[in-house]
Number of protein chains: 2
Amino acid sequence: MRRNVSRSDAARGDVYQIGDVAERVGLSLRTVRYYEEAGLLMPVGRTVGGFRLYDVDAIERLLLIRKMKPLGFTLEEMRSLLVLRDELATPGLAADTRAALQERLGTWVLLAEEKLSTLREQVSVAESFVGGLHDDAERTGGDAV
Amino acid sequence: MRRNVSRSDAARGDVYQIGDVAERVGLSLRTVRYYEEAGLLMPVGRTVGGFRLYDVDAIERLLLIRKMKPLGFTLEEMRSLLVLRDELATPGLAADTRAALQERLGTWVLLAEEKLSTLREQVSVAESFVGGLHDDAERTGGDAV
DNA sequence: GGACAACTCGACCCTAACGTCAGCGTAGGT
DNA sequence: ACCTACGCTGACGTTAGGGTCGAGTTGTCC
């Protein structure tokens with residue numbers, strides 16, 4: 001008699017309500033709603049009473065978003081990228097259209113790699129800071145050199 | 001005839017005004033002022049007309065702050081840490097006082113290392129994302145598998 | 001067919017860490 | 001005296017959510 005599997009296991013084609021989704025991807029309800037407001041994802045539908053309903057694709061999408069976050073993309077940037085991905089995923093696309101989309105994707109790749117390298121720089125900056133902290137903490141006495 | 005070397009080279013004991021400082025450390029004027037508001041640093045003085053004046057120590061301090069930022073410390077946390085550092089730097093400190101301060105510094109070290117490891121995790125998440133993006137970009141046709 | 005707990009809704013205000021703008025005063029050179 | 005670059009305060013705007021509210025919705029148990 002399961003109609004929507006809201007609080008249990010799930011097979012293909014099931015829908016989840018927001019709390020379920022939030023828990024699965026490790027975001028707050030508020031955040032998921034906010035992402036919707038920002039145009040990052042839409043629920044596949046609503047219950048009669050207005051509860052949001054999501055499918056597995058939405059969960060995938062949210063996990064993808066979570067992966068982008070460390071790179072410091074703004075929500076607006078993520079929206080653009082996701083839209084682009086969606087466009088590329090539409091079936092039956094003219095070859096030149098597809099090529100154009102893929103070119104645009106290429107610039108995103110470059111941007112992402114740039115951000116990745118600044119992230120790596122930040123790690124080394126952070127490492128040097130932590131190293132310095134260690135030194136401060138181990139300098140036992142007030143006596144200089 | 002140089003009185004304060006504001007727009008040129010500088011030797012020991014010189015003071016700088018905010019634009020100079022900002023440029024040297026790579027922060028905006030607004031940010032430097034905001035850090036003051038947040039209690040992270042104070043100018044060593046002001047001109048008669050009210051211009052902030054900083055010394056080399058302030059510049060060092062700002063550079064240190066910049067190193068902390070990638071670790072995701074809040075300004076409040078940085079303030080605490082800087083205050084602690086200042087206390088440790090005061091000369092003629094009783095041995096037990098110093099020990100207590102150093103213990104507190106130890107917890108900061110732990111916290112910083114924790115943050116550093118989450119930062120490293122973020123790098124690997126980001127790497128996997130960029131990798132996936134590459135794949136998306138290279139999947140030439142719409143034909144599956 | 002009512003009670004009930006758990007869940008969700010939209011709406012609102014709050015926060016950190018700045019960006020940006022306006023209007024006006026300063027510093028220092030000529 | 002005047003010019004130009006520089007700085008001041010104060011106020012509002014932005015991003016990415018967090019918290020809280022009263023009110024409505026679901027599924028379940030009797």
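## Exercises on a two-chain predicted model

Chain B and chain A bury about 2900 Å² between them, with 73% of that area on carbon and sulfur atoms, where buried area is the accessible area (1.4 Å probe) that two parts lose on being put together, summed over both. This is a predicted model, in which local features need pLDDT of at least 70 and side-chain atom pairs count only at pLDDT 80 or more, while totals for chains, interfaces and linings use all residues. Residues are numbered from 1 along each chain as its sequence is written, chains are lettered from A and ligands numbered from 1 in the order in which they are written, and side-chain values use heavy atoms, with hydrogens and water left out.

### Exercise 1: the interface

Step 1. Of the area that chain B buries against chain A, 19% is supplied by B:K67, B:F129 and B:L133, more than by any other three residues.

Step 2. Four salt bridges are counted between chain B and chain A, each being a side-chain nitrogen of Lys or Arg within 4 Å of a carboxyl oxygen of Asp or Glu. The side chains of B:R120 and A:E127 meet in a salt bridge, with an N to O distance of 2.7 Å.

### Exercise 2: the aromatic pairs

Classify the ring pairs of B:F73 with A:F129 and with B:W108.

Step 1. Rings of Phe, Tyr and Trp (its six-membered ring) pair if their centres lie within 6.5 Å, and planes under 30 degrees apart count as stacked, over 60 as edge-to-face and the rest as tilted. By this rule there are four aromatic pairs over all chains.

Step 2. The ring centres of A:F129 and B:F73 lie 6.5 Å apart with planes at 75°, so the pair is edge-to-face. Because A:F129 lies in helix α5 of chain A and B:F73 in the loop between α3 and α4 of chain B, the pair joins two chains.

Step 3. For B:F73 and B:W108 the centres are 6.0 Å apart and the planes at 55°, so the pair is tilted. B:W108 lies in helix α5 of chain B, so this pair ties together parts that are 35 residues apart in sequence.

Step 4. A:F129 is buried at 4% relative accessibility (buried means under 20% relative accessible area, exposed over 50%, partly exposed in between; 1.4 Å probe, protein chains only). B:F73 is buried at 7%, and B:W108 is also buried.

### Exercise 3: a partly exposed residue

Locate A:R66 and list its contacts beyond four places in sequence.

Step 1. A:R66 belongs to helix α3 (residues 56-68) of chain A, and at 40% relative accessibility A:R66 counts as partly exposed.

Step 2. Not counting residues up to four places away in sequence, A:R66 touches A:V25, A:G26 and A:L27.

Technical notes: Contact = heavy atoms within 4.5 Å.
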